[in-house]
Amino acid sequence: MGLRGDAAIVGVAEWKPERRPTREPMFSFEQYAELAKEALDDAGIGVNEVNGLCTTGVRESSMFAPATLSEYMGKPVNFAEHVDLGGASSAGMIWRAAAAIELGLCDVVVCATPAGPTPQPPGGPVNPGYLGASSGAFGSPQAEFDIPYGNLAQNCGYAQIAQRYAAEFGYDERALAKIAVDQRTNACAYPPAFFHGQPITVDDVLNSPMIADPLHLLEIVMPCSGGAAVVVASRERALRGNHRPAFLTGFGEHLAFKTPSYAEDLVRTPMKPAADKAFEMAGVARSEIDAAQLYDCYTITVLLALEDMGFCEKGDGARFVNEHDLTYAGDFPLNTNGGQLSFGQPGMSGGMSHVTEGARQIMGRGDANQLGRCDTVLVLNNGGIMSEQVALILRGE
Amino acid sequence: MEKPLPVPTPQTQPFWDALAEGRVELQHCADCERYIYYPRTHCPGCLTRDLEWRELSGNGVVHTYTVARRPTAPPWSEDLPQLIAVVELDEGPRLTTELVNVDPDAIEVGMRVQPVFQAVGEATLLLYEPA
């Protein structure tokens, strides 16, 4: 059961993260088309070869997102998915695309996550938007039982998870800070990263303002604009492309709750079943991973991923971090583009940045951050507040 | 900016009515032998609709918390720090709440807490303080 490994990422496009966007504002379906064209050009695949597409929500069309995109781009497709897994949507798109290709439905699938500036309607934005990913709709459990207590947005939930972790296992704040520091070192070797050229120390992290105990400012992603796309193609098409293909040989997906208050266990996360399935499907051992691209909305997310994805025992994450060099030059290369903490989090494209970086490393197209040898990459995308998890194993042949 | 308040639904109305009278009532599933939070139509184990409302002490322990030094959203910008917690009731369920009448530095995971029934406009929120 599982994938045969006959579909691969063959092209990538990624817009440089910006805090104050300089890019021309475009509606999100226009950005999708732009990103698709760039990724197809990168792959050496013609636009008329596209016969599948995956997307997250399209801002201008809350329903019928895939049909909106197919119509706008003039691309009839045999396979279309609207993936709604929050920050895990990007990895969720990749395995769905690969599965559709292996089933013979299609052979070139675009997966894009536009996150650039959009034109504002006359008179300005319609709603304040502070609810973010939380639902304020009548009948929504969040609206009734969480939001009235101020439990909304992301910081609070991740801080509560970190606090619970501290109570169960202890909390080495310098180890948590080191995750951000090592990733910043990676960003300093990757010019497109937002924080390129701005190295930090553990003390910088711990001296940055406390936002929600125990999370400091420099342990939290910075929202920005950007966007990314990848092209997933069949083995046959991949081998005629421009780059060394990054074949998808395993994946896992798991989710169990939306708000962590209702999670059965806050610190033993749905990452574990997702990772176990991905490794089993790929037939790959943890020790074979050349680079780990792990969703890092917060430092605590990475710590829990190292434990729950099986790189160390539960509760041993801090020791693992302290004993390993997590930089591109180190013995456990982690988030080699700087991760979202230092590359930036361009909205829903944040998750895709782990996919693009994993593919670039296998293709051998990194910058100064390129690993000497990179055949096997683990990607983790995490959605909501540790709720949706998708793991991917990418392999070069 | 006004804080958003809960709007009861036909399924959840008994919960909010009890809070307004200073009591905590939750649904109980006899088959699964569990209390359920938040109130709903179907048991989140066996999906039965055969649930019984029962009164609880409302007491519990802090399962986790955070001290939010920056507002989680604009309506709380004048209300810092926010002490947002998950409380585990003695009968099992966990709920989202805010802690009151406590020094932020004194909060600990595992600390015993009791309900504070806080009327706000038309609603009564279930807050917690040290027991």
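## Burial and overall size

In this predicted model, 34% of the 131 residues of chain B count as buried. To be called buried here, a residue needs 20 or more other C-beta atoms within 10 Å of its own.

How does the chain compare with a compact globule? For 131 residues, such a globule would have a radius of gyration near 14 Å, and chain B comes out at 15 Å, so the two agree.

## What the chain is built from

Chain B has one helix and eight strands.

Now for contacts along the sequence. Take the contacts in chain B between residues at least 6 apart: 52% of them join residues at least 24 apart.

Strands of a sheet pair through backbone hydrogen bonds, and they can do so parallel or antiparallel. In chain B, three strands make an open sheet with antiparallel pairing, ordered β2-β1-β3. The edges are taken by β2 (34-36) and β3 (51-56) of chain B; each has a single partner strand, so one side of each has no neighbour in the sheet. From one strand to the next, the twist averages 45°.

Zooming in on β1 (residues 24-29) of chain B, three bridges tie this strand to β2(B), and the two run antiparallel. One residue pair to look up is Q27(B), whose bridge partner in β2(B) is I36(B).

## Where the helix sits

Helix α1 of chain B covers residues 13-20 and lies across β1 and β3 of chain B. The helix runs at about 145° to β1(B).

Notes
Residues numbered from 1 in each chain as written. Chains lettered and ligands numbered in written order. Predicted model: local features only at pLDDT ≥ 70, side-chain atom pairs only at ≥ 80, totals over all residues. Helix = DSSP H or I, 4+ residues; strand = E, 2+ residues; numbered from the N terminus. Rg over C-alpha atoms; globule rule 2.2 N^0.38 Å. Buried ≥ 20, exposed ≤ 12 C-beta atoms within 10 Å, placed from the backbone. Contact = placed C-beta atoms within 7 Å. Pairing = 2+ DSSP bridges. Axes fitted to C-alpha atoms, helices over the stretch in contact; angles between N-to-C directions.
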